[in-house]
Structure formats: structure tokens, C-alpha cells
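Here is a short briefing on one protein structure. Keep the sequence and the 3D view open as you read.

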Amino acid sequence: MGDSTPSSISVHQVLGGGSVADVLLWKRWGGSLTVVVTATTLWLLFERGGYNLLSFVANVLFLLVAILFLWAKSACLLNRPLPPLPDLEISEETIALVAGFIQFYGNRALAIARDIAIGRNLILFLQVASALWVVSYVGSLCNFLTFVYIGVLLSFSVPVLYDKYQHHIDEKLSVTHKAIQTQYRKIDDSFLKKLPLPSNKEKKIE
């Protein structure tokens with residue numbers, strides 16, 4: 001008998017089930033290691049080395065164009081093959097994937113905002129406010145580049161750890177969620193009790 005229930009969804013499925021999920025869960029060690037090493041190198045260059053992003057991009061592009069130009073010139077003079085450049089164009093699949101990603105998370109954010117504004121969901125409001133406060137606090141401790149680098153490291157560590165210890169983490173989160181809901185209900189009830197209620201005596205004016 002399998003341990004999984006029909007309602008259980010794996011982390012791989014939550015992340016899309018494609019190559020991106022494989023990279024984030026370290027199922028493709030080469031791709032995962034490349035992303036982490038590249039992010040670490042860029043962070044060290046810009047944050048510790050004091051390198052400027054604009055000048056870095058310009059220098060890399062200049063070096064790339066110079067290499068390709070000299071390669072093409074020498075190929076014509078020495079009767080050698082030209083640089084093997086691929087077709088530099090964005091495929092429709094990539095555009096559809098990015099558009100679907102933006103649409104999914106955009107609609108999710110709008111649904112949360114609607115639930116807070118119209119549904120007056122106090123628990124959801126407190127959760128969103130707490131998350132935004134944490135982001136603001138972390139942002140005050142470091143700059144944007146370091147914040148993005150921390151996000152990359154968390155993206156390559158949290159999903160794989162959750163995938164490995166999903167059962168135990170779900171149990172702890174369930175207990176914590178119930179405790180938080182209980183506290184929120186107490187806060188909500190005490191808040192409602194403090195509100196002035198209309199008198200039950202109806203004014204009879206004939």
C-alpha cells in the first residue's frame with residue numbers, strides 16, 4: 001500500500017513538474033550547481049568586489065562581440081568555418097511559459113487582495129501583513145542584490161529539504177496552523193466584543 005493519499009501533491013508537481021522543478025530539487029545536479037555557482041560569483045563580484053552591474057554587462061557584451069568579430073575575420077582569411085551561432089530568437093513556447101507564469105501569480109495576488117478587501121478576511125490580512133513586514137525588515141538589513149541572492153539560495157535549499165522531510169514538516173505546520181488560527185479567533189472575538197453594538201431595544205415611534 002502506498003503512503004500517498006489522493007489529496008497529497010508532491011513538491012515536484014507544485015513546482016511545475018518540468019526541467020525547472022528538476023533543477024530546483026537538485027535532480028539535475030549540473031544545472032543546479034551551475035545556477036548556484038553563477039549566482040554566488042555574481043554576488044561576490046557586485047557586492048564584495050564593488051563591480052558595477054551596467055559596466056559588467058557592457059564589458060561582457062563587448063568581449064563577446066570582439067571575440068565573434070575576430071573569429072569571423074580570421075575564418076574568412078584562413079578559409080575556416082564561421083562561428084557556430086544559434087538562431088537568436090525567443091521561441092513561442094518561452095513566451096507562453098512566461099505569460100502563463102505571470103498570469104498565474106498575478107491572478108493569485110489579485111484573489112488574495114480581493115479576499116482581504118471585500119471578504120474582510122482578518123486571518124489572511126494578518127498573514128499578508130506579517131509577510132510584508134518580514135520582507136521589509138530583511139530589505140532594511142541588506143540591499144536588493146543580496147536580497148535576490150538570499151532568495152536564490154532559499155529556492156535551491158527549501159524545496160529540496162521540504163521534499164525530503166515533507167511528512168514531518170506537514171505535521172508540524174498543521175499543529176502550528178491550528179494554534180495560530182485559535183489565537184486569531186481569540187483576537188477577532190475580543191476585537192468584536194469591544195465594538196459598540198446597537199441597542200436591542202427598538203424605538204417605537206408611532
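Does F101 count as buried or exposed? F101 counts as exposed, because its relative accessibility is 53%. The cut-offs are these: buried means under 20% relative accessible area, exposed means over 50%, and partly exposed lies in between (1.4 Å probe, protein chains only).

This is a predicted model, in which local features need pLDDT of at least 70 and side-chain atom pairs count only at pLDDT 80 or more, while totals for chains, interfaces and linings use all residues. Residues are numbered from 1 along each chain as its sequence is written, and side-chain values use heavy atoms, with hydrogens and water left out.

**Overall layout**

- The protein chain has 9 helices and 0 strands. Helices (H or I, at least four residues) and strands (E, at least two) are DSSP runs, numbered from the N terminus.
- Along the sequence, the pattern reads α-α-α-α-α-α-α-α-α.
- The protein chain has 206 residues, and 11% of them count as buried.

**A nonpolar surface patch**

- F101 sits in helix α5, which covers residues 92-117.
- F101 belongs to a nonpolar surface patch with V98, I102, F104 and Y105. Together they have about 540 Å² of accessible area.
- Patch members have over 30% relative accessible area and no salt bridge; nonpolar side chains (Val, Leu, Ile, Met, Phe, Trp, Tyr) are joined within 5 Å, and like charges within 9 Å.
- Accessible areas come from the Shrake-Rupley method with a 1.4 Å probe, and for residues only the protein chains shown count as cover.

**Helix pairs**

- Helix α3 (residues 29-48) packs with helix α7 (residues 144-155) at an angle of about 165°, and their axes are 10 Å apart. Therefore α3 is roughly antiparallel to α7.
- Axes are lines fitted to C-alpha atoms, for helices over the stretch in contact, and angles run from 0 to 180 degrees between N-to-C directions.
- Angles under 35 degrees count as roughly parallel, over 145 as roughly antiparallel, 65 to 115 as roughly perpendicular, and the rest as oblique.
- α5 and helix α6 (residues 122-141) cross at roughly 125°, and their axes come within 8 Å. So α5 and α6 are oblique to each other.
- The crossing of α3 and α7 is left-handed. The crossing of α5 and α6 is left-handed too.
- A crossing is left-handed if the near helix is turned anticlockwise from the far one by less than a right angle, and right-handed if clockwise.

**The salt bridge**

- Side chains of opposite charge can pair when their charged atoms come close.
- A search of the whole structure finds 1 salt bridge (a side-chain nitrogen of Lys or Arg within 4 Å of a carboxyl oxygen of Asp or Glu).
- R28 and D22 form a salt bridge through their side chains, at 3.7 Å from N to O.
- R28 is partly exposed at 45% relative accessible area, while D22 is buried at 15%.

**Around helix α3**

- W26 lies in the loop between α2 (19-24) and α3. W26 is buried, with a relative accessible area of 18%.
- Phi of W26 is near 60°, a positive value in a residue other than glycine.
- L45 is in helix α3. L45 is partly exposed, at 33% relative accessible area.
- L45 and F56 are 11 residues apart along the chain, and their C-alpha atoms are separated by 9.2 Å.
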